[in-house]
Structures are given as structure tokens and as C-alpha cells.
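Trainee: Could we go through this one together? I'd like to learn how to read it.
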Amino acid sequence: MHTFFVRKKEKLEKMAESNSMKEMPVNKLMIRMGIPMILSMALQEVYNIVDSAFVGNMKNGSESALNALTLVFPVQMLMVVVGIGTGVGTNALLARTLGQGNRKKAAKVAGNCLFLGGVIYVLCLLFGILGVKTYIASQTADLEVIQMGISYLQICCVISFGIIFFSLFEKLLQATGRSLYSTIGQVAGAVINIIHDPIMIYGLGPVPEMGIIREIYAIGLPAIIAQALMSIMVYAMNLILKFSPSAQTACGLFYKVQQFVLFLVFGLRDAITPIIAFAYGMRSKKRIEDGIRYGLLYTAALMVFGIVITECFPGTFASLFNAGQSREYFIGAMRIISISFIFAGINVAYQGIYQALGNGVESLIISLLRQLVIILPLAGLFSWFVRSGRAGVSLIWWAFVVTEIVACLVGYGFLKKIRKTRVASLK
């Protein structure tokens, strides 16, 4: 009898979640699903910032340690976007399949997702064993930085199974509307990490100094390659700024703050994608249009909040990181690059919309423009002026602003085309 009532309760809960995805007004549904995701994503990046703050305030070798974190960052991002990217692809496909009422196919989607998680971990482990030393040494000649970077990155690669599989489970829950459960998992991981940071970095009590264990949750696919370009861009920027270790470190520290702001949008995009994908599976034109409208509106509001924080408190962040010789460059980067946040946020929302409607190619093109085609040639050109003494390092930061504006204009054109070809014909 007890089993009967438990099963009945579970069935009613599933029906309630399904009805919410079908019938709840999209603006309310997006808020209900988006707020827990936004808060948990913000907390994830808060502990990322806390990691850097603890490292920056080490008694010995803090400058070298911050530089090592900057050099390691592209590979960390690559591991995250491949793992989480697979989850986001599953998220969009699973939500669309559930919207069509095809539960048998939905089960197959989930099974294939977990199989891919195992493959991804094996690749990360092999890189940790075979490729770390060559990668770190390609970006710096400082032996202390090389040693720190190798030790840290090897740890990240070996334990990457935790990042990968939690990310997959998280996206499976979000696709079915159970965003609260994934939020609980993210918050637990963040709190545990923050508590362990000072213990393991400073060697408090019986624990020796061990470095940092850092989990990054980002949002990725349906085109893993599109998000993996972020790692390529950061690596290339490290090479462009190799002429000035202080500017290199400042750029790395700025990425920490930038990720905090963009993670707010990534959390919202975790709500936008399944809501629109579910509506597309239902063939509901109105709910798709509402999802697009409110998704872009809420994204813009979040980015205004992000701009206010970064423009008003750059000195506070610099002091938090104990930026040292990189302080001036870091504040300059904060002042300039944060102008691009409103356009960057809209680009992220565009990509979530494209993925929900099955337009992965457009999402890939936007990523190519933002992280390769425009930004790197422009930053390389600006760095030539800096190295020749014709301009200051701040000129390089303007490459980010120009890139996001151009990509946003292209993205708007894609959205108009997708609305015409994918949405207009629905009833």
C-alpha cells in the first residue's frame, strides 16, 4: 500500500512539472526556473573568485600562482564546456522530445549522454598524463609558474569525472523542469569548495598546503566546438599578452569577474533553452515567441546589473585579488571590457534560442565571430601598436567591445531568419 501511494505521488509530481512546461505563462515559468539557476551559477563563480582571492593573498609566490591560474584557465574551460556542453545538448533535445510526448526516445537520449560522459573523462585523463607540461611551457618561461601550473592542471584533469558527470545529471534535471534539485547540488559543491579553500591553500591545522580544487560549471552545446573556442581564445590571448606578464595576469583575473557576470546569463539560458525547446516540440508558436521575448528582456536586465558592478567597483576587485603589479592593467580592463557585457549577454541568449530550435550552425557562427574570427586578429593588431610604443595596453581591451557589438548585429539577423523559417509556419 505504501509503495502504491509513493508511486502515485511521483506520478502526480511528474504531471505537475509537465503541465508547468505546457501551461504556465512563459514569463512566470522562466522566472521560476531561471532564478534558482542564476543564483547557483552566481555562487559557482563566486567561489571561483574566492579561489583567486585566496591565491592572491598567499604569503609566498602569490604573483606566480595567479599567473599559473591564468595559464591553466583555457584547459579548465575546455574540460567544462565539453562536459557541460554535452549536457546542454541533451537538455535541449530531451526537452523537445518530452514536449512531443516521446518518453521512449527521451530515455535513449539520457543513456547516450551518460556514455559520452565516460568518453570525455578518459580524454581529460589522458591529457592530464601526457600533455600538461608541454601546454604550460608554451605560454611562459618562468620555472616557478610552470611548476605551479603543471601541478594544478594535473589535479584538475585527474578529478574531472566529478565535473563532467555532475554537469550531465544537472542538465538532465533541468530539462524536466526540476531546476531546484540541480541548484541544491551546485550550492553544496560551492560551499564545500569555499570551506576547503583556505584549509588546503594555506595549510591550516593538520592539512598540508595542497593547492586548489576548483569546479567550474559553464554552459555549452549543442555544438561543443562552439564553446570550446573559448579555451582557444583565452590561450591565444595569453600568447598575445606574453610580452607583459602583468597584463597577462590582469587579463586572467578579469576573466574571473567576466565569468561571474556571464554565468548569470548562462543560468538564465539554462531556463530559456528547455522552455523554448519544449514549446517547439509542442509546436506552440505563442510560447516560443514569449520565450524569445522574455529571455532577451531578462538577459538585458541581468547585464545592466553586471555593468553597474564592474564599472563601480573595479578597485575593490583589484584589492580582493591583491593584484599587485597587475592592478592598473586589471582596472583598465574592467572599465573598458565591461561595456561589452550587454552585447555579450544578448549573444549568449541568442545561442540558447538557436539551440532550442535546432539551429546549431548559427550558434557556432556566433561563437566563431566572438572567440576567433574577430577578436584574435583585432587583439593581435592592437598589441602590435602597444609593443611598438604607439599605444597603451588598454587599446587591446577595446577588441572585446568591438567584437561583441559586431557579433550581436549578426546574431539579430540570424534570429529574424530563424523566426521566419522555423516559427512563423507553426500554428
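Mentor: Let's begin with a term: helices here are DSSP runs of H or I with at least four residues, numbered from the N terminus. Keep in mind, too, that this is a predicted model.

Trainee: Why would residues three or four places apart point the same way?

Mentor: That follows from the α-helix having 3.6 residues a turn.

Trainee: What is F330 in contact with, leaving aside its neighbours within four places in sequence?

Mentor: F330 is in contact with P314, F317, A318 and F321, and also with A250, L253, F254 and V257. Along with M237 and W397, F330 touches the most other members of the largest nonpolar core, which has 103 residues. Helix α10, residues 245-282, gives the most to this core, with 23 residues.

Trainee: Switching topic, how many salt bridges does the structure hold?

Mentor: The structure holds 6, and one of them joins the side chains of R419 and E289 at 3.2 Å, N to O. R419 lies in helix α17 and E289 in helix α11, so this pair ties together parts that are 130 residues apart in sequence.

Trainee: Is R419 buried, exposed or partly exposed?

Mentor: R419 has a relative accessible area of 31%, so R419 is partly exposed.

Terms used:
Residues are numbered from 1 along each chain as its sequence is written. This is a predicted model: local features need pLDDT of at least 70, side-chain atom pairs count only at pLDDT 80 or more; totals for chains, interfaces and linings use all residues. Side-chain values use heavy atoms; hydrogens and water are left out. A nonpolar core is a set of buried Ala, Val, Leu, Ile, Met, Phe, Trp, Tyr and Cys residues joined through side-chain atoms within 4.5 Å. Buried means under 20% relative accessible area, exposed over 50%, partly exposed in between (1.4 Å probe, protein chains only). Helices (H or I, at least four residues) and strands (E, at least two) are DSSP runs, numbered from the N terminus. Contact means heavy atoms within 4.5 Å. A salt bridge is a side-chain nitrogen of Lys or Arg within 4 Å of a carboxyl oxygen of Asp or Glu.
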